[in-house]
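Dear colleague,

Please find below the structure that I am handing over to you.

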Amino acid sequence: MLCNRVKELRARYGFSQSELGARVNVTRQTIGFIEKGSFSPSITLSLKLAKELKTTVDELFWIEGDEKE
């Protein structure tokens, strides 16, 4: 399963799901599905999310069971 910190960082920067979605050209629902882990974003979308959330893709997403340092 793909794990992520999207919800945590979105809250840190004060974005609603709709606002973040608009910034990366997806719907609020897509952001919700990503946060829940039920949708794996494309590389392009992952890069856009990382940029908006001021982080790197590898800090934003990881595979469940992989160690985070």
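I begin with arginine 12, which counts as exposed at 53% relative accessibility. Here buried means under 20% relative accessible area, exposed means over 50%, and partly exposed lies in between (1.4 Å probe, protein chains only).

Before going further, please note that this is a predicted model, in which local features need pLDDT of at least 70 and side-chain atom pairs count only at pLDDT 80 or more, while totals for chains, interfaces and linings use all residues. Residues are numbered from 1 along each chain as its sequence is written, and side-chain values use heavy atoms, with hydrogens and water left out.

Salt bridges

The structure holds 4 salt bridges; the term stands for a side-chain nitrogen of Lys or Arg within 4 Å of a carboxyl oxygen of Asp or Glu. Side chains of opposite charge can pair when their charged atoms come close. One of these bridges joins glutamate 8 to arginine 12 (3.7 Å, N to O). Because glutamate 8 and arginine 12 are 4 residues apart in helix H1, about one helical turn separates them. Helices (H or I, at least four residues) and strands (E, at least two) are DSSP runs, numbered from the N terminus. An α-helix has 3.6 residues a turn, so residues three or four places apart point the same way.

Glutamate 8, which is partly exposed with a relative accessible area of 42%, also meets arginine 5 in a salt bridge (2.9 Å, N to O). A further bridge is formed by arginine 23 and glutamate 52 (2.8 Å, N to O). This pair links distant parts of the chain, since arginine 23 is in helix H2 and glutamate 52 is in helix H4, 29 residues apart. Arginine 23 is partly exposed, at 48% relative accessibility. Through shared partners, salt bridges join Arg5, Glu8 and Arg12 into one network.

The nonpolar core

Which residues have the most contacts inside the largest nonpolar core? They are Val6, Leu20, Ile34, Leu49, Leu53, Leu60 and Phe61, in a core of 13 residues. Helix H1 (6-12), helix H2 (17-24), helix H3 (28-36) and helix H4 (43-52) each give two or more residues to this core, and its largest share, 3 residues, comes from H4. A nonpolar core is a set of buried Ala, Val, Leu, Ile, Met, Phe, Trp, Tyr and Cys residues joined through side-chain atoms within 4.5 Å.

Phenylalanine 61 touches several residues, among them Cys3, Ile34, Ser46 and Leu49, not counting residues up to four places away in sequence. Contact here means heavy atoms within 4.5 Å. Serine 46 is found in helix H4 and is buried, with a relative accessible area of 7%. Cysteine 3, placed in strand E1, is likewise buried, at 18% relative accessibility. Cysteine 3 and isoleucine 34 are 31 residues apart in sequence and 8.9 Å apart in space, C-alpha to C-alpha.

In H3, the buried residues are Thr30, Ile31, Gly32, Ile34 and Glu35. They pack against strand E1 (2-4), H1, H2, H4 and strand E2 (61-63). Just after H3, glycine 37 takes a positive phi of about 85°.

A charge over a ring

Lysine 54 lies over the face of tyrosine 13, at 4.8 Å from the ring centre. The rule requires NZ of Lys or CZ of Arg within 6 Å of the ring centre and within 35 degrees of the ring normal.
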